[in-house]
Amino acid sequence: MTSSETGLAPTSTGTVSDIHLPDESSTTTSDQPPRQAPGDRPAPDGASAPESPVLALFGSPPAFADILHVGKPNMPDRARFMTRIEQVLDSGRLTNFGPQVLELEAALAQLAGTRHCVVTCNATVGLELAIAALGMHSEVIVPAFTFIASAHALRRQGIRPVFCDIDEQTHCLDPASVEAAITPQTTGILAVHLWGNPGATAELQALADRHGLALLYDAAHALGCASPEQPLGSYGDAAVYSLHATKVVHAFEGGAIVTDDDAVAGRLRLMTNFGFTGEDDVRHLGTNGKMSEASAAMGLTSLESLPQVIQHNFRLHQAYARGFSRIAGIDLIPRGATGSDNYHYIVAEVDETTCSLSRDELIAALRLENVVARRYFNPGCHRMAPYNELPADSLPDLPVTEAVARRVIVWPSGLAVSEQDVDRMVQRIATLLDHAQPVREALARCTDPRLPAFIRHPESSPRKADAS
Ligand code: T4K
C-alpha cells in the first residue's frame, strides 16, 4: 500500500507526511539549559587547553549533574493525560477493549497506513501473537543483530530462530544471507526495521513470495518512520511497534500489531483475550495480551507529541553530527535519507583504527560523566543464552554482525536531552580522546561501581589493546 493509497488526513496525532518535515537548516536550540558542571575545557577547536584534563575520571565534577540516558521517557502533556485518566475512572471501564484502547488502535492504524491495529501489553507479547497468527513454526529467519526479544518471541513458541547477517549500511537483514538460510523447514522471516530503517523491503518480500514464507516486521523502533513510498508499519504481512516507556511514543508498556489482513487481525483479537468470542465461547488458543485503558490513555497523549519529539530528536541528531564531524573515528550512521525518520536512536560507529579510545573505553569513561551511552546490540543474539548453546565452531558465520556489534554506540536522546547537553558531551569526548593513554591507564585502575562490567571483563568485546 502506498502512502497516497492510505489516504491519511492530517490529524492531531500527525501523519507520516506531517512528521517528515524537520527543517534541514534548523539550528534552533532547545529551551532546556545545559546541566553544566563547572570547569569544563574549551571546545576542541578552542585556543587553550588545561594542563590536567578536566574529566570525572581524574576527579573533576562530572559533565552532568543528572544522568543522560538513551531511553529516558518523553513525558507527554500531564494535564491532557490526567483528563483521560479521569475519563477512564469515571467510565468504570479499566481494560478489555475500552474506548481509549479503541481510539489508540484507530490512530495507530492510520499512522501505519494499515486497515487494522491490535494493541497489546508490550511488543514482545505482540511479536509472539503475530508469529502464531501468521502460522509460523519450525524455523524462522531473524537477524542476529537485534534486541533479544525478536529471537525470544520465536523460541518461546518452540520455533528455531535461524540467525542471519545484516547489511553493513542499514544494520537490517541482508537478503543474500536470508536466501542462503532458507530450508524446507523455513516458514517465515522475522525482519527488523532496526533504528527505524526500512531495510531491503522489496528483496525480502520477493524472497517471501518465491518461497511461500510469512513476512513479519519487528517495527519496535519504527513508529513514525516511512520509506518514500509508505509507512514502515505497512510492509510485510504484519508489523509490531513497541510502545515501551523508552520509545518515541509510549504507553508506559505497550505494543501494537498492524496489518492489512482481515483474517490475521481477527485471530489476533481473539488471541489477545484468551481466544474468547463471547461470554463463554473460546474459539482459539490465546493469552492475556491486552492493553489497559490507563496505558492507552498514555499512548494517546504521547502520540499527540510525536511531531514535537521527532523534531527535537532531529535537532539532537544534527548537534551530534556537528560535534562528531570534528572528531576522528566516531561517525553517525546515515539517517533519514530514504524517507521519514523518527531519529529516536542516535547511532554511531567507532572506528578503532582512527579513534584513540575503543568504543568500550569511551562508554566506560563517559559513565563517570553521567552519560549512559549504550552498546546496543552487543553481542549478537546468537552469542547470548539460550542461543549460544552450540559449540563455538557451530555458531553461524555472521561477519557483519560481529563487526557492527563491536562498533556501534547509541547516544542519549529524547526530550530530556538538550542540544547544549550534546555540545557539552562532545567536548568531554574530545577531552577523553585527547588524553587517551592516561584515560586508558586510569580506567584500568578505576574501581568505581558505575563502570560497566564489560570494561573489567572485556572477553565479549575485545579492545584494541587486546587484539594487538
Ligand atoms: N524488538 C526490538 C528491536 C526492540 O528493541 C525491543 C525493545 C523489542 C522488540 C521489545 O519491545 P517491548 O516488549 O519492550 O515493548 C530497552 C527497552 O526496555 C526495550 O523496550 C528496548 N527494545 C531496548 C532497545 O531498550 P534496556 O534494558 O536496555 O533499557 P531500560 O528499559 O532499562 O531503559 C534504559 C534507561 O532508560 C534506564 O536505565 C533508565 C531510563 N529509564 C527507563 C525506563 C523504562 C527511565 O528513566 N525511566 C523508565 O521508565 O531495554
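**The ligand and its pocket**

In this predicted model, a polar side-chain atom of Y376 lies 2.6 Å from an oxygen atom of the ligand, a polar contact being a pair of N or O atoms within 3.5 Å. The side chain of R374 also places an N or O atom 2.9 Å from a ligand oxygen atom, while at G71 a backbone N or O atom is 3.4 Å from an oxygen atom of the ligand.

The shell around the ligand holds 24 residues, with T124, D218, H221, S242 and Y376 coming nearest (a heavy atom within 4 Å). By class this shell has 9 nonpolar, 11 polar and 4 charged residues, and α4 and α5 are the elements that give two or more residues to it.

The ligand sits in the largest pocket, in the sense that more than half of its atoms lie within 2 Å of the pocket's grid points. This pocket contains about 490 Å³ of space, and of its 29 lining residues F147, S242, H244, T246 and K247 are the closest to its centre. A pocket is an open set of points on a 1 Å grid over the protein atoms alone, where a 1.4 Å probe fits, with protein on both sides within 12 Å along at least five of seven lines, and lining residues have an atom within 4 Å of a point. The largest share of the lining, 3 residues, comes from α4.

Residues are numbered from 1 along each chain as its sequence is written. Local features need pLDDT of at least 70, side-chain atom pairs count only at pLDDT 80 or more, and totals for chains, interfaces and linings use all residues, while side-chain values use heavy atoms, leaving out hydrogens and water.

Conventions. Points joined across faces, edges and corners; volume = space filled by probe spheres on them. Helix = DSSP H or I, 4+ residues; strand = E, 2+ residues; numbered from the N terminus. Polar contact = N/O pair within 3.5 Å; in protein donor to acceptor, adjacent residues only side chain to side chain. Nonpolar A, V, L, I, M, F, W, Y, C, P; charged D, E, K, R; others polar.
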